[in-house]
Amino acid sequence: MNTMNKRPAECHREGNMRCSTLDFEQLLGESARIHGHLCPGQVLGVRMSILGLSRIGILDPKGRDRKSIIVFVEMDRCATDAVQSVTGCSLGRRTLKFMDYGKMAATFVNLKTGEAVRVVARDDSRETAGEYFPEIENRHAAQLEAYKVMQDRELFDVMDVRVRLKPEDMPGSPLRRIRCDSCGEYVQDLREVERNGRFLCRPCAGSGYYVPVVRDIS
Ligand SMILES: [Zn+2]
Ligand SMILES: [Zn+2]
């Protein structure tokens, strides 16, 4: 029997040693605590992560599998905190990559096997959720409860993908450190830009998110 496609709770009941440590209720409680509130996004993010991790054979993301995962998130919304909390991946460890696509989706990569799945929240899951608990008046609360019990296939589309990971994006020591020829600040991990023989940081090359404020000191 393939235990990978089963919900973690079912695995535990069968006492299968290869089964996941991912317990839905426990993970949801933890992610709501870290995020600051329980919301539909936490439920979706926790379930998205459990599904993604089990599809790539990651059973113990914060324990023995912790060096085998990288996760790409495509949104900076509630669910992102849940993905971080369940997977243990983080920006600081370079195991969480933020792709600013504005999509409710995440890709889970097993570094050992190269397997990767992209899990996308289905847009019609909101409507389906509404049919589950018509007796709950508050739409938000109804959605939250429905997301807990809906089938994976009602909530998500899952696709096998291949992810090309560049050496400069991997955890470990920085590959290179170079000084920007314009501002003098240091740039790590090959994020510099070459312009006419000069090495520039991205802001100096014109793609900065800030502009310095020049104060009049007279
Ligand atoms: Zn939230
Ligand atoms: Zn610069």
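A helix axis here is a line fitted to the C-alpha atoms over the stretch in contact, and the angle between two axes runs from 0 to 180 degrees between N-to-C directions. Keep that handy for the exercises below, and remember that this is a predicted model.

**Exercise 1.** Work out how helix 3 and helix 6 are oriented to each other: roughly parallel or roughly antiparallel?

*Solution.* 
- Step 1: Find the two helices. Helix 3 covers residues 40-55, and helix 6 covers residues 139-149.
- Step 2: Look at how their axes meet. The axes come within 8 Å and cross at roughly 15 degrees.
- Step 3: Apply the cut-off. Angles under 35 degrees count as roughly parallel, so helix 3 and helix 6 are roughly parallel to each other.
- Step 4: The crossing of helix 3 and helix 6 is left-handed.

**Exercise 2.** Find out which residues of helix 3 and helix 6 meet, and sort them by type.

*Solution.* 
- Step 1: On the helix 3 side, pick out Pro40, Val43, Leu44 and Arg47.
- Step 2: Across from them, helix 6 brings His140, Gln143, Leu144, Tyr147 and Lys148.
- Step 3: Sort the residues of this contact and you get 5 nonpolar, 2 polar and 2 charged.

**Exercise 3.** Zoom out and describe the whole chain.

*Solution.* 
- Step 1: Count the elements: the chain has 8 helices and 9 strands.
- Step 2: Check burial. Of the chain's 218 residues, 33% count as buried.
- Step 3: Box it up. Along the principal axes, the C-alpha atoms fill roughly 65 × 45 × 30 Å.

Technical notes
Residues numbered from 1 in each chain as written. Chains lettered and ligands numbered in written order. Predicted model: local features only at pLDDT ≥ 70, side-chain atom pairs only at ≥ 80, totals over all residues. Helix = DSSP H or I, 4+ residues; strand = E, 2+ residues; numbered from the N terminus. Buried ≥ 20, exposed ≤ 12 C-beta atoms within 10 Å, placed from the backbone. Parallel < 35°, antiparallel > 145°, perpendicular 65-115°, else oblique. Left-handed = near helix turned anticlockwise from the far one by under 90°. Contact = placed C-beta atoms within 7 Å. Nonpolar A, V, L, I, M, F, W, Y, C, P; charged D, E, K, R; others polar.
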